[in-house]
Amino acid sequence: GNRQPNFAVFGKAGFKAAIRKFSMQLSQDVELDIDIPAQKAAGWGVGGYHWCDPIPGPAYWYKQADHFLRAVDTWKPSVLAMDVEQWWSSWTYIDKQHILSSARILDNAIFIWDYIKARSDLPLMVYTARWFSAGYCPLLGNWIGDKPAWIADYYFYGSQYPNPMHIDAAALAALIPDVLADPINKPTGVTNIVMRQFESRIWLDGTAHNYDMSIWLADDDMFYEWFGL
């Protein structure tokens, strides 16, 4: 639902890549044909992620993975990710009465990972957060283990800062050392965090609205290799 980022403005603030949702459930995302060419034209690294939906029966899980891989074949990202954060078992009633079992969530994640890894040589990350693993899938972190992990842990979570929070490029740059020094609230069992999604409330001056922002934590050479930059 986000508008396409102003890649030039984000580039001046130090951003070098974006990971775009490619698919979820049994469909591909809309406007990939608009957003990905614009992102590549701006010289940015391109990643694509799949939102893992365990609601459809296991017999259908390969279909959602195929939708993702077809989008990968078409738009040729350099990095892949699978988003594991869905706890609800009904899109009609997203409430605490309709919760997926921990086993169902984990089985879906394992299937999607194995299916993608068997069919693609591209780097693959697992995106999740401690609140999700602790609350809905306690064994998820142990399964992730040393797999490359992209962990959401918002720096300003629980603070009194406004949401959205307007900021200019200089203030954002000044914030980064504090983010890097901040211990990550990581899921139990996760040992290889390559990237942290550190905020969703920051609205960078000159852009359309606030976006999810992430910071690379692994080796710099690995970043440039993964994103083809």
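**View 1. The open sheet has eight strands in the order S2-S1-S3-S4-S5-S6-S8-S10, with mixed pairing.** Its edge strands, each pairing on one side only, are S2 (27–28) and S10 (213–216). The model is predicted: local features need pLDDT of at least 70, side-chain atom pairs count only at pLDDT 80 or more, and totals for chains, interfaces and linings use all residues. Residues are numbered from 1 along each chain as its sequence is written, and side-chain values use heavy atoms, with hydrogens and water left out. Strands are DSSP runs (E, at least two residues), numbered from the N terminus; two strands pair if DSSP finds at least two bridges between them.

**View 2. Strand S1 (residues 17–24) pairs with S2.** The two strands are antiparallel and share two bridges. Methionine 24 is opposite serine 27 of S2.

**View 3. Strand S8 (residues 193–199) is largely enclosed by the rest of the structure, because seven of its seven residues are buried** (under 20% relative accessible area, 1.4 Å probe, protein chains only). Four bridges link S8 in the parallel sense to strand S6 (residues 149–152), where tryptophan 150 faces methionine 195 of S8. S8 and S10 run antiparallel and are joined by four bridges; arginine 196 has isoleucine 215 in S10 as its bridge partner.

**View 4. Histidine 50 lies in strand S3 (residues 45–51).** Histidine 50 is buried, at a relative accessible area of 0%. Its side chain makes a polar contact of 2.7 Å with that of serine 23 (a pair of N or O atoms within 3.5 Å, one able to donate a hydrogen and the other to accept it). Leaving out residues up to four places away in sequence, histidine 50 touches residues including Gln64, Phe68, Asp83 and Ile112 (contact: heavy atoms within 4.5 Å).

Conventions: Buried < 20%, exposed > 50% of the residue type's maximum accessible area, 1.4 Å probe, protein only.
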